[in-house]
Amino acid sequence: MIITVTLNAALDKTLEVPNFTLGRRHRTVAQTTMPGGKGVNIARALKRLGQPVIATGLAGGATGNRIIDTLGEEAILNAFVRIGEESRTNTAVLDPTTGVHTEINERGPSVTAAELEMFEEKLLYLAKGASICIFAGSLPRGLDPDIYAGLIREVRRLGVVTMIDTEGEPLRQAVKAEPELVSPNELEAEELVGHEFNDVDDRVHAVHEMTRLGPAESIMTVDDGCYAHLHENGSSALYRVRIEEQEARSSIGSGDAFLAGYVAARYAGSSPVECLRFGVACGAESIQHFGAGVIDPPAVDKLLSEVEAQPMEIGAEIS
């Protein structure tokens, strides 16, 4: 079983608005509303890939009820802890004429110590039957930035592989807990290591540097694939994995689809490099859809042949 943890779950409303301009009245040509938050998006993609997954986290109020009910309608197994305050609603506006998207994310509810304690008890119970636990997304109000770090340590004690995908101070604290894998995007990775990346060597060095902060392995997603520092055949390996950039309908949630694909392949026993290739194919395929975590497995399989993986070394230029 795979667990995804979404502490700041949301209803994600996505609107397609041609020629979107600030200060003007618009009408949508398409729209969708679905449960979201990074962990929920990952769970949706894992479900579509046929892997056993349970989504957990915190959900409150009428919005929380709708999140849980809709996950049930999607046949995504879930075990959220109910909280007193209302879960958030996020809004994204996509302009199909320019490809630009604008996101407005609410802060989320305040969480009490008692509610957090109930969640920790539920997570540890679920973890007894799991092999992988993915902690993903932002934190709601009232939680200390080291909450992920503490949860990672508790779950690791049960022998569960832990993974983290968040940003800022929660990410800096989480990597100190030595999760198996950290998976930020490029901007989040720059913030984590403390400097900008200017070239390929900077990015290769960054995934190596991230593992020195605590995680055993690291992956950094970029627009056309990823860079990774993983364990392979008993030793460390650096990879650059890429696919020709695809024309996108919506890139929202592509990183979540990537991580879901990587985890699905890993859970199925694929080699490290094949896990990366499959993750990149999932991320690339997901941008054809309206809604985060939505992927078409047969289309992913077709894209897989277009994904290239190249071993890298620090100081080596990509060909």
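I started at N105, which sits in the loop between strand 7 (100-104) and helix 3 (113-127). Helices (H or I, at least four residues) and strands (E, at least two) are DSSP runs numbered from the N terminus. I am working on a predicted model, where local features need pLDDT of at least 70, side-chain atom pairs count only at pLDDT 80 or more, and totals for chains, interfaces and linings use all residues. Residues are numbered from 1 along each chain as its sequence is written, and side-chain values use heavy atoms, leaving out hydrogens and water.

Not counting residues up to four places away in sequence, N105 touches R88 and N90 (contact: heavy atoms within 4.5 Å).

Next I looked up R277, which is placed in helix 9 (residues 272-286). R277 counts as buried because its relative accessibility is 15%. Its side chain reaches the backbone oxygen of V307 at 3.1 Å. Beyond its neighbours within four places in sequence, R277 is in contact with V241, L304, S305, V307 and A309.

Last, the cysteines. How many disulfides does the structure hold? I found 0 disulfides (a disulfide is a pair of cysteine sulfur atoms within 2.5 Å). For C133, the nearest cysteine sulfur is that of C275, 18 Å away. C133 counts as buried at 0% relative accessibility, and C282 counts as buried at 0%.

Conventions. Buried < 20%, exposed > 50% of the residue type's maximum accessible area, 1.4 Å probe, protein only. Polar contact = N/O pair within 3.5 Å; in protein donor to acceptor, adjacent residues only side chain to side chain.
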